[in-house]
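Please examine the structure below together with its sequence. The paragraphs that follow lead through its parts in turn.

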Amino acid sequence: MSLAGKTAIVTGSTSGIGLGIAKELARAGASVVLNSFTDSGEDHATARAVADEHGVAARYVSADMSDPEACRALVERAGACDILVNNAGIQHVARIEEFPPAKWDAIIAINLSSAFHTTAAALPGMKAAGWGRVLNISSAHGLTASPYKAAYVAAKHGIVGLTKTTALEVAGQGITANAICPGYVLTPIVESQIPDQMKTHNMDRETVIKEVMLARQPSGEFATTEQVGGTAVFLCSDAAAQITGTTISVDGGWTAL
Ligand code: NAD
């Protein structure tokens, strides 16, 4: 499978799943645009490392995915966008009554609305090229719920709806739109939840991982960023050209329960 000649934008891709996806797309030959909102030397170095490792063009473009204009500008600044991966995401865990409204707004903006804006900016180029792939990183929480994650679950369900609508609007034009729904992947966003969960459940780290986090993941194992990246590469392949408007779970059986 070669993605040579294709340019991929991966939002929120200086760590975790986004970086894993960017690396697998680069391994398949795509030029990649990495993004976060921090614009640090480390961010640019991460892009250079991807370029060096895979012999493709890779660069870092800073853009804050909570800002609609910045989302659209990211696509413009990338210069081309054959593959759009909407991955940027944040989390906050609290009961609905105590959920800070500003956190709700930020999660909806970054985890859901950003994908609307980038997709709107990317589709004209994909239509002109007669080929495109929109990959939205949803979650097992796009298909099921957990308590205390109201904004995240709402955003991740919302992105599944956006995916279906996108697919219908571009059907028959060589463009597909799908949502990848990972279960637990041990990345910084998950790592940051462990102390809270330890406090809530009065458990040590290993017990929280085994009995709380992976309790719903029948495989008993975290999914890896490489596995999510490999799924993204598959969805870009010719074999996946008729897979559109759907979800693909990488969750160790979570949503089969
Ligand atoms: P992460 O914290 O490692 O990565 C999140 C990325 O988003 C980072 O690169 C961060 O810089 C970026 N980001 C955050 N706010 C941003 C903003 N305003 N503008 C631009 N970039 C921003 O987390 P991750 O686990 O790799 O999560 C990536 C995606 O995968 C998220 O959408 C998350 O909801 C989803 N997901 C993660 C898991 C998991 O278990 N880790 C499971 C299912 C879905």
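Is N202 buried or exposed? N202 is exposed, because its relative accessible area is 74%; here buried means under 20% relative accessible area, exposed over 50%, and partly exposed in between, with a 1.4 Å probe and protein chains only. The model is predicted, so local features need pLDDT of at least 70 and side-chain atom pairs count only at pLDDT 80 or more, while totals for chains, interfaces and linings use all residues. Residues are numbered from 1 along each chain as its sequence is written, and side-chain values use heavy atoms, with hydrogens and water left out.

N202 lies in the loop between α7 (194-201) and α8 (205-213). Helices (H or I, at least four residues) and strands (E, at least two) are DSSP runs, numbered from the N terminus. Although N202 is not a glycine, it has a positive phi of about 55 degrees. Y148, likewise not a glycine, has a positive phi of about 75 degrees. This residue is found in the loop between β5 and α5, and Y148 is partly exposed, with a relative accessible area of 37%. E98 lies in the loop between β4 and α4 and is exposed, with a relative accessible area of 53%. In sequence, E98 and Y148 are 50 residues apart, yet from C-alpha to C-alpha they are 9.5 Å apart in space.

The next part to consider is strand β5. Strand β5 covers residues 132-137 and is mostly covered, with 6 of its 6 residues buried. From β5, G132, V134 and N136 point one way, whereas R133, L135 and I137 point the other way, and all are buried. Two strands pair if DSSP finds at least two bridges between them. Strand β4 (residues 83-86) pairs with β5 in the parallel sense over 4 bridges, and V85 stands opposite L135 in β5. Strand β6 (residues 175-182) also runs parallel to β5, and 6 bridges join the two. G132 has I175 as its bridge partner in β6.

A right-handed β-α-β unit is made by β4, helix α4 (residues 101-129) and β5; a crossover is right-handed if, with the strands pointing away from the viewer, the path from the first strand over the helix to the second runs clockwise. Another right-handed β-α-β unit consists of β5, helix α5 (residues 150-170) and β6. Within helix α4 lies T119, which is buried, with a relative accessible area of 5%. A polar atom of the T119 side chain lies 2.5 Å from the backbone oxygen of A115. A polar contact is a pair of N or O atoms within 3.5 Å; within protein, one must be able to donate a hydrogen and the other to accept it, and residues adjacent in sequence count only if both atoms are side-chain atoms.

Strand β3 (residues 58-62) is mostly covered, as 4 of its 5 residues are buried. Strand β2 (residues 31-36) runs parallel to β3, and 5 bridges join them. The bridge partner of L34 in β3 is Y60. From β2 the chain crosses through helix α2 (residues 41-54) to β3, and this β-α-β crossover is right-handed.

How many residues of helix α1 are buried? Of the 12 residues of α1, 9 are buried, so the helix is largely enclosed by the rest of the structure. The buried residues in α1 are I17, G18, L19, G20, I21, A22, E24, L25 and A26. Helix α1 (residues 16-27) should span 16 Å at 1.5 Å a residue, and its end C-alpha atoms are 17 Å apart, which agrees; the expected span is 1.5 Å times one less than the number of residues. After α1 comes G29, whose phi is positive, near 105 degrees.

The ligand remains to be described. It is surrounded by 31 residues, of which the closest are I17, N87, Y152, V185 and T187; a residue is near a molecule if one of its heavy atoms lies within 4 Å of it. One oxygen atom of the ligand is 2.9 Å from an N or O atom in the side chain of S15. A nitrogen atom of the ligand is 2.8 Å from a polar backbone atom of M65. A polar side-chain atom of Y152 lies 2.5 Å from an oxygen atom of the ligand. Taken alone, the ligand exposes 820 Å², and the protein buries 92% of that; accessible areas come from the Shrake-Rupley method with a 1.4 Å probe, and for residues, only the protein chains shown count as cover.
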